[in-house]
Amino acid sequence: MLKKVIRYDFKAILKYWWIAALSSFVLACVGGGCTEILNSEKELTEAVYVLSMLGIVLVIISFVAFFILSEILVFLRFYKNFFTDEGYLTFTLPVKRSQLLSSKLITSCIVLIATGIILMIDIGIIAVIDLRKDIFRQVGKFGMKEIKSFSTSSLITRTTNDITQIQNTGNQKT
């Protein structure tokens, strides 16, 4: 019965949580685009600069809001299950109170860990978008001496492999 209660809790929380997680992915891409605009070598107008900075601030605020929303969803689920009319029905289930509490704790821990992983992936998205452009810029600054010492295919392969290794390292930590 504990598995059923945990599954029910997950369904109830994930009904809204996945929308916030998807939104944070989209905003991470927006944040990566804003940092790319700010790091570009082109002369930016003041309006573009301000909009890019506002975009980055919006992304940071959304990451904090996503974390807070995850916390609120967990607490609301706990509150509804124990202190409202739904709680009355919950206590009529053939489950011990300790199992009910355990299901809430397990669900909340998993949701909060998943939130942390999503936020780390979002930050990784922003970093990788910026990193690719920095490597491309650096290779573009090579002089004839460096270009002659590396073939074009070697530069492409090395750049691609380096980025892939950095991405894999980030994926292993999360």
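Student: Which side chains does a polar contact of 2.8 Å join in this predicted model?

Tutor: A polar contact is a pair of N or O atoms within 3.5 Å. In this predicted model, the side chains of serine 24 and aspartate 122 are joined by such a contact, at 2.8 Å.

Student: Where is serine 24 found, and is serine 24 buried or exposed?

Tutor: Serine 24 belongs to helix α1. A residue counts as buried when its relative accessible area is under 20%. The value for serine 24 is 2%, so serine 24 is buried.

Student: Which residues does serine 24 touch, not counting residues up to four places away in sequence?

Tutor: With that exclusion, serine 24 touches Phe63, Phe66, Ile118 and Asp122.

Student: How should I read a nonpolar core, and which members touch the most other members here?

Tutor: In soluble globular proteins, nonpolar side chains tend to be buried together. In this structure, the largest nonpolar core has 16 residues, and Ile13, Trp17, Phe63, Phe66 and Val111 touch the most other members. The elements giving two or more residues to this core are α1 (2–38), α2 (46–83) and α4 (97–140). Helix α1 gives the most, with seven residues. As for valine 111, its contacts are Phe10, Ile13, Trp17 and Val74, leaving aside residues up to four places away in sequence.

Student: Which residues form a nonpolar patch on the surface?

Tutor: The patch consists of Ile60, Val64, Phe67, Ile68, Ile72 and Leu76, which together have about 530 Å² of accessible area. One of them, isoleucine 72, lies in helix α2.

Technical notes. Residues are numbered from 1 along each chain as its sequence is written. This is a predicted model: local features need pLDDT of at least 70, side-chain atom pairs count only at pLDDT 80 or more; totals for chains, interfaces and linings use all residues. Side-chain values use heavy atoms; hydrogens and water are left out. A nonpolar core is a set of buried Ala, Val, Leu, Ile, Met, Phe, Trp, Tyr and Cys residues joined through side-chain atoms within 4.5 Å. Buried means under 20% relative accessible area, exposed over 50%, partly exposed in between (1.4 Å probe, protein chains only). Helices (H or I, at least four residues) and strands (E, at least two) are DSSP runs, numbered from the N terminus. Contact means heavy atoms within 4.5 Å. Patches are made of residues with over 30% relative accessible area and no salt bridge: like charges are joined within 9 Å, nonpolar side chains (Val, Leu, Ile, Met, Phe, Trp, Tyr) within 5 Å. Accessible areas come from the Shrake-Rupley method with a 1.4 Å probe; for residues, only the protein chains shown count as cover. A salt bridge is a side-chain nitrogen of Lys or Arg within 4 Å of a carboxyl oxygen of Asp or Glu. A polar contact is a pair of N or O atoms within 3.5 Å; within protein, one must be able to donate a hydrogen and the other to accept it, and residues adjacent in sequence count only if both atoms are side-chain atoms.
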